[in-house]
Amino acid sequence: AQENMSEISVSASSGLTEDQLDRLAGLERLDALDRRDRRDACAAAEAAAVRLGRLDRLDSFDAEAQGRALLKRLVDECGQEHLVSGWPRDRAASADERRLQSQLLALHRSLAGGLDGYVCRARELLEASRLGRNPLDGYRPSLPVGETLDFGRGAFLKYEEEGLAAMRGAAFVLVAGGLGERLGASGIKLDLPAELATGTSFLALYAQHILALGAAAGSAACLPLVLMTSDDTHARTLASLEAGDYFGLDRRRVFLLRQQAVPCLADGGAALAVDPSDASRVLTKPNGHGEVHRLLHSSGLAAKLHGDGCTHLVFFQDTNGLVFNAVPAALGVSVRRGLALNFVSVRRRAGDASGALIELVRERGGGDGGGRVLANVEYNQLEPLLRAASAGASGDEPDPATGWSPYPGNCNQLVVALRPYVEVLAASGGVVPEFVNPKYSDASRSGFKKP
């Protein structure tokens with residue numbers, strides 16, 4: 001106030017009018033109020049920061065408590081004693097032990113039913129697999145009905161023409177969450193050469209096919225491509241796209257969805273696999289291909305594509321260079337017959353380690369489309385199903401007339417009508433029931449070749 005009066009006195013000696021002096025005094029009062037408001041705002045911000053810090057500490061404490069409780073539950077109720085083997089009792093957890101608890105809690109929060117529910121379901125499925133039980137008890141296998149096409153001839157050409165006419169409404173979904181370990185490669189499978197003459201990668205080849213199909217259909221916009229990646233492949237897939245300038249695709253029409261990791265299992269008892277180089281870390285791997293449906297739903301992308309005018313999704317795998325030869329004809333079959341779901345299949349030798357397409361007929365009540373459902377049955381579940389249906393008399397055996405299995409092989413290429421697909425996703429959340437297909441290390445069917 002003294003400063004303000006001094007300034008006013010100086011101004012008065014400068015010959016200002018009474019009205020000007022009043023206005024200047026009013027401005028000085030506003031400035032003082034503004035300085036006070038700024039001080040109050042700073043004090044409030046500091047107080048809020050203190051409160052947030054306290055909340056963060058409480059959240060951290062709560063997370064630690066939840067992690068300890070989860071680990072105790074896993075040990076006491078789920079047979080995971082090996083996770084704490086060698087830990088001294090009656091002392092505070094070490095930094096490494098807290099790190100394990102934090103990882104377990106993160107996995108628990110990301111899994112439907114939690115980590116303990118995941119372990120319990122896995123134990124039941126693995127025990128049924130060990131005993132060779134029929135996982136599809138209550139269903140009777142029946143031969144599927146479909147179109148048999150010869151490449152480049154007859155009905156194939158007619159369906160191909162119809163499929164190209166409908167191609168403007170297609171979007172493509174590529175499941176690419178795995179590495180090339182089984183093929184002797186350390187990188188992503190999409191970077192592997194599809195052929196040796198030019199060294200074109202699978203990713204570049206698929207982009208060429210999508211561009212060609214869009215051009216043949218007269219589409220003004222690039223056909224959409226969705227890639228499901230994982231923690232193992234996401235960064236490298238994105239780097240390959242960037243390095244190739246998206247191989248001519250419109251980057252605004254390329255969508256990457258990263259799938260979550262799930263814990264690896266070490267044996268038939270569903271013991272969580274511990275990293276051999278880090279006893280405070282559980283090994284994880286990408287979830288299965290079925291995760292793509294949950295991601296398409298939770299991201300809102302399936303609904304967005306439908307809203308943008310897409311009519312069909314074409315699902316395909318990361319290392320099948322010939323698969324696009326069948327895409328137009330398969331889409332034509334779906335359009336002509338009004339199919340909600342269409343599997344592309346190939347002839348299959350009896351006993352092959354590949355999934356088989358079977359029409360399952362429910363024997364004891366239930367729904368599933370009037371008691372019948374077309375499904376892919378994994379090869380480890382096929383034999384128990386067929387033997388149960390024949391009272392143990394026969395399993396997957398060749399048809400004497402053709403020499404091939406009567407059940408065609410699934411090559412993991414699907415054509416899905418988008419409207420009913422979006423409706424099913426809304427009802428189910430995109431969650432696909434789990435199954436197991438362990439690679440046993442010996443005849444006891446208790447140990448695995450790898451987690």
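Student: Phenylalanine 315 and tyrosine 421: buried or exposed?

Tutor: Both are buried, meaning under 20% relative accessible area, while exposed is over 50% and partly exposed lies in between (1.4 Å probe, protein chains only). This is a predicted model: local features need pLDDT of at least 70, side-chain atom pairs 80 or more, and totals for chains, interfaces and linings use all residues. Residues are numbered from 1 along each chain as its sequence is written, and side-chain values use heavy atoms, without hydrogens or water.

Student: OK, how many aromatic pairs does the structure hold?

Tutor: Nine. Rings of Phe, Tyr and Trp (its six-membered ring) pair with centres within 6.5 Å; planes under 30 degrees apart are stacked, over 60 edge-to-face, the rest tilted. Phenylalanine 315 and tyrosine 421 make an edge-to-face pair, 6.1 Å centre to centre with 70 degrees between the planes.

Student: And where do those two sit in the chain?

Tutor: Phenylalanine 315 is in strand S9 (residues 312–317) and tyrosine 421 in helix H13 (residues 418–428), so the pair links distant parts of the chain, 106 residues apart. Helices (H or I, at least four residues) and strands (E, at least two) are DSSP runs, numbered from the N terminus.

Student: What about tyrosine 440 and phenylalanine 448?

Tutor: They form a tilted pair, 6.0 Å centre to centre and 50 degrees between the planes. Tyrosine 440 counts as buried because its relative accessibility is 14%, and phenylalanine 448 is buried too, at 15%.

Student: Which residues form an aromatic cluster?

Tutor: Phe172, Phe202, Tyr206, Phe316 and Phe324 form one.

Student: Switching topic: leucine 30, buried or exposed?

Tutor: Exposed, with a relative accessible area of 53%. Leucine 30 is in helix H2 (residues 18–77).
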